[in-house]
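Here is my note on the model you sent. Please read it with the structure open.

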Amino acid sequence: MISVVIAANGQEMALAETLAALVPAAADGFVREVVVVAEAGPSEGTRLVADAVGCVIVEGDARAGLEAARSDWVLVMAPGVRLESDWFREAGVMMQRLQRAGGRPVAMLFRGAVDDYGWRARLREIVLKLSRGRRRRQAMLAPRRALLEGGRLGSHALRARAFTGGVGTAG
């Protein structure tokens, strides 16, 4: 079971899209809790969306969200990012492998995908593929302790995609 940390930053519609995409993983029992982080305090819209689905709301930065999370593994996501519906199956298998192997902590990154048509969307996907830093900001599953300690993490690319763009989002 994992915790999910999302920095809302006043993006209620994007937050709602991200939370809706997490429903299959929550129904399967893979997602234990969702922590919504609001830097300047949650807006009324953020509070409404987060309360409607039973999220924990935390004031502060991403670190405050990580400290509030209760699971050993944390999925850090940007609002508006939607993961493929069966992403948690692949992630669960990889988590088990990493725990058995021990060693250096590893962050799992998702393939970047743009939920739109045309050559501009495909070009944005190429940029996402080449930019590991942007993929880390979109969605990253990693051990909570390693993220709090701030050490260097290895990375593993998952086949599952993290979608951005499309209806209701600007990016």
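**Notes on the predicted model**

1. Start at W87. Setting aside neighbours within four places in sequence, W87 is in contact with I2, L22, A25, F30, V31, L75, F110 and A160. Bear in mind that this is a predicted model.

2. W87 belongs to the largest nonpolar core, which has 32 residues. I2, L75 and W87 have the most contacts inside that core. Helix α5 (residues 87-101) gives the most to it, with five residues. There is also a second, separate core of 16 residues. Its members include A64, A69, V74 and L147.

3. Now the aromatic rings. A search of the whole structure finds four aromatic pairs. F30 and F88 form one that is tilted, at 6.1 Å centre to centre and 35° between the planes. F30 sits in the loop between α2 (23-27) and β2 (31-38), while F88 is in helix α5. The two are 58 residues apart, and the pair links distant parts of the chain. Both F30 and F88 are buried.

4. How are the rings of W87 and F110 arranged? Their centres are 6.0 Å apart and their planes are at 75°, so the pair is edge-to-face. The cut-off for that label is an angle over 60 degrees. W87 lies in helix α5 and F110 in strand β6 (residues 106-114), so the pair ties together parts 23 residues apart in sequence. W87 and F110 are both buried. F30, W87, F88 and F110 form one aromatic cluster.

5. Look next at S3, in strand β1 (residues 2-7). Is S3 buried or exposed? Its relative accessible area is 0%, so S3 counts as buried. A polar atom of the S3 side chain lies 3.5 Å from the backbone nitrogen of R70. Beyond neighbours within four places in sequence, S3 is in contact with E33, A69, R70, S71, W73, V74 and L75. One of these, L75, is also on the contact list of W87.

6. Helix α1 (residues 12-21) deserves a look too. Which of its residues are buried? They are A14, L15, E17, T18, L19 and A21. An α-helix has 3.6 residues a turn, so residues three or four places apart point the same way. The buried residues of α1 pack against β1, α2, β2, α3 (44-52), β4 and β5 (82-83).

7. For the overall picture, the protein chain has eight helices and eight strands. Buried residues make up 46% of its 171 residues. Take contacts between residues at least 6 apart in sequence: 76% join residues at least 24 apart. The chain exposes about 9,200 Å², and carbon and sulfur atoms supply 52% of that area.

8. Last, confidence. The mean pLDDT of the protein chain is 85, and 89% of its residues reach 70 or more. Among the elements, strand β4 (residues 73-77) has the highest mean pLDDT, 95. Helix α7 (residues 132-138) has the lowest, 60. Over residues 167-171 the pLDDT is below 50. That stretch has 10 contacts in the model beyond near neighbours in sequence. Where pLDDT is low, the predicted coordinates should not be read in detail.

Terms used. Residues are numbered from 1 along each chain as its sequence is written. This is a predicted model: local features need pLDDT of at least 70, side-chain atom pairs count only at pLDDT 80 or more; totals for chains, interfaces and linings use all residues. Side-chain values use heavy atoms; hydrogens and water are left out. pLDDT is the predictor's confidence in each residue, from 0 to 100. Helices (H or I, at least four residues) and strands (E, at least two) are DSSP runs, numbered from the N terminus. Contact means heavy atoms within 4.5 Å. A nonpolar core is a set of buried Ala, Val, Leu, Ile, Met, Phe, Trp, Tyr and Cys residues joined through side-chain atoms within 4.5 Å. Buried means under 20% relative accessible area, exposed over 50%, partly exposed in between (1.4 Å probe, protein chains only). Rings of Phe, Tyr and Trp (its six-membered ring) pair if their centres lie within 6.5 Å; planes under 30 degrees apart count as stacked, over 60 as edge-to-face and the rest as tilted. Accessible areas come from the Shrake-Rupley method with a 1.4 Å probe; for residues, only the protein chains shown count as cover. A polar contact is a pair of N or O atoms within 3.5 Å; within protein, one must be able to donate a hydrogen and the other to accept it, and residues adjacent in sequence count only if both atoms are side-chain atoms.
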